[in-house]
Structures are given as C-alpha cells and as structure tokens.
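Morning, everyone. Please have the viewer open, and we will walk through one chain together.

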Amino acid sequence: MDGGKKNEGSVIEMERKWQLTTNLCWCKTSFTCMSKTMKSMILFCFSIISLLCLCNSKAGAVVERATYIVHMDKSDMPKVFTSQHHWYSSTVSSLDSTTPPHDNINLNPSILYSYENALHGFSVTLSPHELETLKRTPGFISAYRDRTTKLDTTQSYSFISLNHSHGLWPASNYGENVVVGVIDSGIWPESDSFNDHGMVAQTPPTWKGKCEGGQHFDPSLCNSKLIGARYFNQGVVAVHGAEIGANSVRDSVGHGTHTSSTVAGNYVKAASYFGYAKGTARGIAPRAKIAMYKVAWAQGVYSSDILAGLDQAISDGVDVISISMGFDAVPLYEDPVAIAAFSALEKGVVVSSSAGNAGPFLGTLHNGIPWVLTVGATNTERWFGGTLILGNGKRFSGWTLFPASATSRDLPLVYLNNVSACDSSQLLSRVARGSIVVCDPVGVVDVFQQIEHVSSSQVYGAVFISSDPRVFEMGKMTSPGVVITPRDGETVIKYARGEPRASATIRFQETYVGTKRAPTVATYSSRGPSWGCPWVLKPDVVAPGSSILAAWVPDLAAAQIGPNVLLNNEYNLLSGTSMACPHASGVAALLKNAHPEWSASAIRSALTTTASPMDNTGKPIEENGEYPRRASPLAMGAGLIDPNRALDPGLVYDATPQDYVNLLCAMNFSQAQILAITRSKKYNCTRPSYDLNYPSFVASYANETKFRRIVTYVGDGPASYTARVSSPNATAITVSPNRLVFKEKHEKRKFTLTLKSQMEKEQHVVAFGALEWVEEKGRHVVRSPVVVVPRNPQTGI
C-alpha cells in the first residue's frame, strides 16, 4: 500500500519537472527579444534544459501507468503459498524483473487491494509492458482498467403500507439484529438517526466486522446501531494522489448518511427540512444494524474501491447489501457490482441496487444484473408547497421548498412584458424591486434559470409557471417563490395586468399528503431493458425516491437563499433512485428476519410478485409527465413494493447459482468470462438456457416463445392456484397446466407459459400484460409482468 503512494508521488514530481521544463522551453521562442546580458546568462542553461526535456520525454512515455482489476484462477495457486494475497504479491513482484531498465524509476507495480470474497484477484497499477507480462502468468484469467462511476442521487414508510399493528414490521421485529452493509460515501455517526436507543446490544454471532478509525473518526463513535465502519480509497488515491479529504469513514458528501438512515435509521422525533415534512424520521428497518463501507469520495468513485468495499462486506457477514450506484454499459464480467453480488448470492446475502437517474429514455438502466434486486423510483402522495393569495382573495396552491419561516405579505404583484421573462437579475432589480414578479411560463430548465435570476435580484418574491414534473421531483427553491400550473398562471397574469394596484401574499412551509394518482414513476428513473442482459426484466420493482427526508451532514449546505446564503440542517430532502434503493434494501432486511430460510432469489421473488401495479385511485400506475401515460414494466418493473404482502407471497420463483450460470452460458460467455464472475470451476455449461426461473417474462414480436418455470409453495396447509392471464395487444398467452395443487409447504410445481405474438416489428411499441396465480381461497395473488418488445431481447430496443 505504502509503495503505491510513494510511486504516485514520484509520478507527480516528474510531472512538475516536466511542466517547469516546458515553460522554460517556451521561453526560448522569445530569445531574440532579450538583451545581450540576458542571452549570455541563459545560453549556458539551455544545454541542461535540453537534457531535461529529453529525459522527461522518455520518462513521460513509460510512466503512463493505470490501475487494473485482475482476475486469477484460485485453483492454479501453488501450494507453496499460504494465502491468496501471498500468491498475488509474489506474482506482482515477479513483474519487476521483466521491466525494461528505463522503466524502473521507482515505479514498480504495486497492489492496491487483494480480493478474496467478491472475486479472486487483485487491483494493481501497471505499465502496458507489465500488463502484457502479467497476462502470461499462470493462473491469470482477465484484466481490465479501473472505471469511475457516480452516485445515483420519513413519511415514505407509510406510503408503502408499513404499520405497527400488523404485517411485516411486527413480524420481523423491525429488522432486529439484521446487518445491512451500505456501500456509499461514508456516514455522520453523530446524527440522531444513528443513536442506539432501543437497540439490542449484542451483535449477531456471524458478524466479523469492526469499526476502523481514521481522520475525524474514532472507533468509539460506533455503537449498537452502527456496528461496522471501514473505508477504501486506494483506487482514488492512485489517480488523484493522497489529498482526498478526511481519510476515514466520515461522510463529506452527504449521500451515504442519507441512504443509510433511510434503510435503517433509528427513530428521531421532530425531524424536518426547514419546516417541511415535519414528523418522526425512521428507517425502513429501524432496528437493523448498519455497517458502512465508504468507497465514494469527492474526487470520484472507482470500481477497485467498490470491489474492495463489497469484498469486505461479504467477509464481515452482512445480511443485506445496499448500493446506490452503478456502471453504465459494462459487461457483467467486468461489472464490480455483478461480480461481487454473485459471491453474495452464494452466501445468501441480498444485494439491492439503484436503477440509475438517466430516465425517461429506454435502455438507460444500470445494475440490470439477473441476481440483483434492481430498484426504480417513484413519487409519493406527499408534496411540499406554499399558498399564493391574490389581493382579490383568490388562493392558489403551488410547489415550493423555500427554506425559511417567512411570508411575502401584501406586496405589489408585477407582470411586465420586458421583465417577466425573468432572465436578467439587473432588469428585475431595476424595474420590479421590492415586488412579487410573475414570470412567463417555461419548461424545467428555464424555470431553474428563472429561479437563479430572481434569487440574484432585489425582487421580494416570485411566481413561476410550469407544468414540467421535473420541477417538483428534483428542484430546490432559493428565492421566496412558488411554482403554479399554467392554468392557474393564466388567472394570475390576468389579475396582475388588469388590476392597477395588484398585490399578493405567499406563504411557505406547507406539506400536503394524499395527492391522488400516486405513485407515479419518476421521470429521472432509468428505464429498461438491461444493457447487459435484456432477457431478464429490469427494473424489478419501484420504491419511493422523490423528496425523501433523511439524515444529512450538518457541515454541508442543505439549502440556499440567494446567491450567497447557505443553510445547514441535520435532515435533507433528496431525490433519485439512490433514495429508492434503500427503501427496498430495508424491506429485504425485514424479510430476512421474518424468513431467515429464504434465499436471496426467493426474497427478490416475494418483492416482485407482490408489488402493486396500481396507484392510490385503483388505476394503473402512470409515468410522471406533462402528458402522463400508463407505465410499462420497463419503467416500473412489477410495480410499487408492498412489504406486508411480500411477507406472505404464497409462491416464490427460486433460482440457484447454477441457474444463473446456465443463462451466462446461453449468452455465449467464454469460460474465462464466466470464471471472472463465479470464481470457481464447480459450475458447468451442460444446460445453457435463456429461460431463467425469474418472476417475470420478456418476449419479442412475431415469435412463439415458451417459458418454463418452477414455483415453490411457501404458505401453510394445502392450497390450489389457478392461472389468470391478461395478454398484451395482438398476442395470445396460454399456461399449462393452468391449475397448480400443493399439499404442503415447500412443494414445487412446474408450468409452461407460451406466448404467440403477431405484432409487427415496425410498430416499435412495448406491449405488456401479466400472469397471475390466484389462490382459490382468495388469499394470495402471485403476479408476474409479461413484456413484449419490438426486437429479440438479444439486441434490446
């Protein structure tokens, strides 16, 4: 580890020398402009400078080192080595003797991490020559360059029907003693959300983790709630050097504090975001324990660090892994989340991940990994706003998050053609100073620009007009303003124009609950199909992700007023699939406690087959937008998670690690690519199949597709289920047999679903329906979405 830092310093020092030499060489072009005395002083120097230029140009050609993640075949490890790390270190050390003489300038290859759980291998900084030599080493499988990624960035527990009287919360004892490993940007341990009041003192007997000290983080800050804290930064240090801020698990970004309190934060009374969303904050699994693995830094997020965090989490013995980040357009055999999650799957650990924030376009999803729970985001029935009251008494509700207990009272209301574009803070200050200005209707990007101009002006308030839903999903309000609909805007503009002494009042800090047509799929939530594996429907489910109140780093601004006033707060409202993921992770933790015998695949199946495709009006969930449309499974998966129904799903679609390997074999992965994921040769490709035993179905146009599935009965006593099908347009679905009879728990039954589609590929329409297994006593409905896409899933959409 230390050697890597020393080498990095050598590279930086040579880069500094190169910059100095380059500057001096540039001065040579102005030589003729100098005096004779200056010329005589400098002529002597240029022979030395030329030599430095030559030396540095040679060095520059050989110090272009990069970090690689290397997969090794553990079965090839010679018995002379006592551990994998010993073998890896010896392998890397042997590269020194092969390095050409001019390469050896204190830049010997150095291991950043050894991986023993997530994968078998290591990450290392190498020159191109060393990489080629390594490829000829016994046991080498594959190597690829380190990659960067970014993070996918209260009342929501009741929106998914969790309650104290019955259902999953009391049945799971609120997740007591389940350990959730959060892979993120660290944690702020002093937050009230991480107090251990009411927590069981002892840790699970399988727990092997610890709290790691560092800058501004003492291990004593851990308690019965926060039982694990580790950090991983060798990947980011190899690129950016040692100056990366606090060298500890302490959160300097805020993201990790927010997600970890969402999944398992303790009860905190009177939490709010500057008066909005007042109430008791709590995580989805409030009695679960948290282990934080910091892999995300302000300078970047690197796959080598993510793999190290995942590797350690698996080794420590976590029960659930929550990771709100992912890699776009990366094959499964190079995706650190996919690779580590397969190891977690073998050990019964549920991995819950975010779908990404690149919506609403199709095919933008990441973490489309068959053995991972992939979570999209929805809006909820709660939104935040204020009231605009005109001088004539008319009132309008609008959206705002202006972070102050204030009222813009009885101020002049101004709408002027040359001012209301709200695109010049100087013009606003000159013409509408001390007034409430009505801005012209615009789209989402222009609204934020208008808010910025108003915030920098001397206007006392503003009325913004927009129907773009992204304003309400992602925005913050930095001026005393409110956003109203275009329909209401017409009335307000008419009043401002027609009344000589028009005036208005704006009140803030209002929270509304019970919004109809909720949930809706958030516009930012990434859509399927999965880039890496389009045969499996992704996302699996959706969960609340917009304006989620959770713990925050008090040293970071949570809000802003105007261009210069930054406000801190212990709780913050954030939006993204990063916020949706920990909701599902928390439910997975509850299920893990209620059903410790269930596999990770069974838990994902229970969440999927019990998710609701309906909103709070009993109609199909829609995609949020100015022109809403019914959400397809490529946007919402099976629907909104329903924890209480997931507790007792009736049937589950289970899958073994070999089942997933059969899928990889059908995808024509090479033996080396499969080994990079599985780490073991115990799996085989004797039965390759795209037909994974998954709780959803993806087919293509103009084809007859047969899906063979096996369901396991997890209810009590005898039961019979009958198939009920809703077919997509121009398709016919048959199920055989259409009735399944179970005599006792854990019995398995096979069935075949045949889909015949007569849709034309040129239509480019995503069609969808569902298969429901309905218990004849009416207690359970086991629902699986069926999707028909324009092309063969092999090529996506």
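Start with a term: a residue is buried when its relative accessible area is under 20%. Keep in mind that this is a predicted model.

Now take helix α16, residues 600-609. By that cut-off, 10 of its 10 residues are buried, so the helix is mostly covered. Among them are A600, I603, R604 and L607. S605, T608 and T609 are on the buried list too. Hold on to those three.

Next, P695. Where does P695 lie? It is in the loop between α20 and β33. Is P695 buried or exposed? Its relative accessible area is 2%, so P695 is buried. Which residues does P695 touch, leaving aside neighbours within four places in sequence? Its contacts are S605, T608, T609, Y653, S784 and P785. So S605, T608 and T609 come back here, as buried residues of α16 and as contacts of P695, which is why I asked you to hold on to them.

A general point comes before the numbers. Two packed helices are described by the angle between their axes and the distance between the axes. Helix α19, residues 657-666, packs with helix α20, residues 671-678, at about 150°. Their axes are 10 Å apart. The two helices are therefore roughly antiparallel. The crossing of α19 past α20 is right-handed. Who makes the contact? From α19, V661, L664 and C665; from α20, I674, I677 and T678. Sort those residues and you get five nonpolar, one polar and no charged.

β33 runs parallel to β40, residues 781-789, with four bridges between them. One of the partners: F697 pairs with V786 in β40.

Now a second sheet. It is open, has four strands, and its order is β2-β3-β1-β4, with antiparallel pairing. β2 and β4 stand at the edges with a single partner strand each, so one side of each has no neighbour in the sheet. Here the twist averages 25° from one strand to the next. β1 and β4 run antiparallel and are joined by five bridges. I69 has Y144 of β4 as its bridge partner. Helix α4 packs on this sheet and touches β1, β3 and β4. Its direction makes about 150° with that of β3. Helix α9 packs on the sheet as well, touching β1, β2 and β3, at about 35° to β2.

Last stop, strand β6, residues 179-184. In a regular strand the side chains alternate between the two faces of the sheet. Six of the six residues are buried, so β6 is largely enclosed by the rest of the structure. β6 pairs in parallel with β10 over six bridges, and with β13 over four. G181 has A291 as its partner in β10, while V180 has V320 in β13.

Terms used:
Residues are numbered from 1 along each chain as its sequence is written. This is a predicted model: local features need pLDDT of at least 70, side-chain atom pairs count only at pLDDT 80 or more; totals for chains, interfaces and linings use all residues. Side-chain values use heavy atoms; hydrogens and water are left out. Buried means under 20% relative accessible area, exposed over 50%, partly exposed in between (1.4 Å probe, protein chains only). Axes are lines fitted to C-alpha atoms, for helices over the stretch in contact, and angles run from 0 to 180 degrees between N-to-C directions. Angles under 35 degrees count as roughly parallel, over 145 as roughly antiparallel, 65 to 115 as roughly perpendicular and the rest as oblique. A crossing is left-handed if the near helix is turned anticlockwise from the far one by less than a right angle, and right-handed if clockwise. Contact means heavy atoms within 4.5 Å. Ala, Val, Leu, Ile, Met, Phe, Trp, Tyr, Cys and Pro count as nonpolar, Asp, Glu, Lys and Arg as charged, and the others, Gly among them, as polar. Two strands pair if DSSP finds at least two bridges between them.
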